[in-house]
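Have the sequence and the 3D view open side by side. We'll take a walk through the structure together, starting with how its pieces pair up.

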Amino acid sequence: MMDGTATLTKTLQRSRGTAEVGFRASALDRLYQSGAAKALLPRSYDAAQEVVLVNTAGGITGGDAYQYRAVADASRVMMTTQAAERAYRSSTKDIASMEVRLAATGGAALTPTRRRPLSR
């Protein structure tokens, strides 16, 4: 019955995501994705495997939590993102987190791409 009283709990949506990739002897060994974190593997004609990390939520704000992990064992892997990560101011005191772990073993090379400065 609607008597004019209501209790509303204002819980904000929070974005979560985990993306893990692993390469062994230049072949994909592990791929795990959950939530809004994705790891795309574009077709490459280079000796290095390519991985593009994507946040499908479009940015990160207070309370969001992301984990990205990559392991290269006897492989050459180049990682990048689809664009610069957008960080938004939080409307609460919650802190956003992004954990990135990279590991290279067995003579592997794991190279994050470098952004080139824009020419004027």
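Which residue in strand 5 is the bridge partner of Arg24? In strand 5, that partner is Asp73. Before going further, a word on the ground rules: this is a predicted model, where local features need pLDDT of at least 70 and side-chain atom pairs count only at pLDDT 80 or more, while totals for chains, interfaces and linings use all residues. Residues are numbered from 1 along each chain as its sequence is written, and side-chain values use heavy atoms, with hydrogens and water left out.

Now the overall layout. The chain has eight strands and zero helices; here, strands (E, at least two residues) and helices (H or I, at least four) are DSSP runs, numbered from the N terminus. Read from the N terminus on, the elements go β-β-β-β-β-β-β-β. Of the 120 residues in the chain, 26% are buried, where buried means under 20% relative accessible area, exposed means over 50%, and partly exposed is in between (1.4 Å probe, protein chains only). Take the contacts between residues at least 6 apart in sequence, and 67% of them join residues at least 24 apart; contact means heavy atoms within 4.5 Å. The accessible surface comes to about 8900 Å², and 52% of that belongs to carbon and sulfur atoms, with areas taken from the Shrake-Rupley method with a 1.4 Å probe, where for residues only the protein chains shown count as cover.

Among the elements, strand 2 has the highest mean pLDDT (96) and strand 8 (residues 109-112) the lowest (68). Where pLDDT is low, the predicted coordinates should not be read in detail.

Back to strand 5, which has a partner in strand 1: the two run parallel and are joined by nine bridges. (Two strands pair if DSSP finds at least two bridges between them.) Strand 5 also pairs with strand 7 (residues 97-105), again in the parallel sense and over nine bridges. In that pairing, Arg69 stands opposite Arg101 of strand 7.

Tyr66 has a relative accessible area of 1%, and Tyr68 has 5%, so Tyr68 is buried. A search of the whole structure turns up one aromatic pair. The rings of Tyr66 and Tyr68 have centres 6.3 Å apart and planes at 5°, so the pair is stacked; rings of Phe, Tyr and Trp (its six-membered ring) pair if their centres lie within 6.5 Å, and planes under 30 degrees apart count as stacked, over 60 as edge-to-face and the rest as tilted.

On strand 1 (residues 16-24) you'll find Glu20. Why does Glu20 count as buried? Because its relative accessible area is 14%. Its side chain makes a polar contact of 2.7 Å with that of Arg69; a polar contact is a pair of N or O atoms within 3.5 Å, where, within protein, one must be able to donate a hydrogen and the other to accept it, and residues adjacent in sequence count only if both atoms are side-chain atoms. Leaving aside neighbours within four places in sequence, Glu20 is in contact with Arg30, Leu31, Tyr32 and Arg69.

Last stop: the loops. Ser75 lies in the loop between strand 5 (65-73) and strand 6 (76-81), and at 3% relative accessibility Ser75 is buried. The side chain of Ser75 reaches the backbone nitrogen of Ala25 at 3.3 Å, and one of its polar atoms lies 3.0 Å from the backbone oxygen of Asp73. Ala25 itself is in the loop between strand 1 and strand 2 and is exposed, at 56%. Most residues other than glycine have a negative phi. Ala25, though not a glycine, has a positive phi of about 55°. Ala74, in the loop between strand 5 and strand 6, also has a positive phi, near 55°.

Notes: pLDDT = per-residue confidence, 0-100.
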